[in-house]
Amino acid sequence: MSLVDGFVERLGLPIDDRALIRQALIHSSWLHEHRDEAPGHNERLEQLGDAVVSLAISEALFRRHPVDDEGMLSARRAAIVSTVGLARLAERIGLADHLLLGEGERLQRGPLRPSLLASAFEAVAGAIHLELGWEAVRDWLTELAEPELTGDEPIGTLKSPKSRLQEHTQRTTGARPEYRLVSAVGPDHEKRFRIEAVVADEVLGVGEGPSRREAETVAADEALSTLEARGDGPEEAS
């Protein structure tokens, strides 16, 4: 069984177009090393999937939390579609085991980076949307995210990653996170930013996105994951 067939079986969806799913699993680092083996990487599908995931989660939250105001609904959605939140959903479908990554990315523990998993998850959602349509991808996403959709977390855990990281580091070290621009590549209408989240001269997270703000949010999310893996995260400190 091929890598793609195994992933489709894991999804449990009636997907016939294996080419779309394969593209969703191709990271740009792999395509750079195998230029003649695929027509493209997953970033176009990621862009589509970002909108698909956001709408599906927004609609589900609207129906499940009828008394929440717009601020609370936005906070709930942000927590679910954050880098860490989407990486958690990616882990539920075993996405890390099926990604096609370049050797350099794998040496950097690429499959375990929340930002990489989140981006690939959005690409998969985009591919499912194109193959099966809106209702199918909406139902798949809401079933997968059911624990988060029905949860009743305290408002503090629903704050933005940048807010949570700053509050935690100021409380524990007195330092404020610094967001360093590593690169900004591509034309203005398709620019891709890469940002490092740095605390006390240590790089705790790296994020990429179509704007500095989004890249900083991803970097903060990854920094929180780094701290939590050490046992130094906000939950442990509170």
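1. A crossing is called left-handed if the near helix is turned anticlockwise from the far one by less than a right angle, and right-handed if clockwise. In this predicted model, helix 6 and helix 8 cross in the left-handed sense.

2. Helix 6 spans residues 83–92 and helix 8 spans residues 114–132; they pack at an angle of about 70°, and their axes lie 8 Å apart. Helix 6 is therefore roughly perpendicular to helix 8, since angles of 65 to 115 degrees count as such.

3. On the helix 6 side, the contact is made by Thr83, Leu86, Ala87, Leu89, Ala90 and Glu91, which meet Pro114, Ser115, Leu117, Ala118, Phe121 and Glu122 of helix 8. By class, this contact of helix 6 with helix 8 comprises 8 nonpolar, 2 polar and 2 charged residues.

4. Helix 8 itself has 19 residues, and the distance from its first C-alpha to its last is 26 Å, close to the expected 27 Å. Helix 8 is mostly covered, with 14 of its 19 residues buried. Glycine 133 follows helix 8 and has a positive phi, near 95°.

5. A separate point concerns leucine 61, which is found in helix 4 (residues 43–64). Is leucine 61 buried or exposed? Its relative accessible area is 1%, so leucine 61 is buried, the cut-off being under 20%.

6. Leaving aside residues up to four places away in sequence, leucine 61 touches Leu73, Arg76, Arg77, Ile80 and Leu149. The C-alpha atoms of leucine 61 and threonine 150 are separated by 8.1 Å, although these residues are 89 residues apart along the chain.

Notes. Residues numbered from 1 in each chain as written. Predicted model: local features only at pLDDT ≥ 70, side-chain atom pairs only at ≥ 80, totals over all residues. Heavy atoms only, no water. Axes fitted to C-alpha atoms, helices over the stretch in contact; angles between N-to-C directions. Helix = DSSP H or I, 4+ residues; strand = E, 2+ residues; numbered from the N terminus. Parallel < 35°, antiparallel > 145°, perpendicular 65-115°, else oblique. Contact = heavy atoms within 4.5 Å. Nonpolar A, V, L, I, M, F, W, Y, C, P; charged D, E, K, R; others polar. Expected span 1.5 Å × (residues − 1). Buried < 20%, exposed > 50% of the residue type's maximum accessible area, 1.4 Å probe, protein only.
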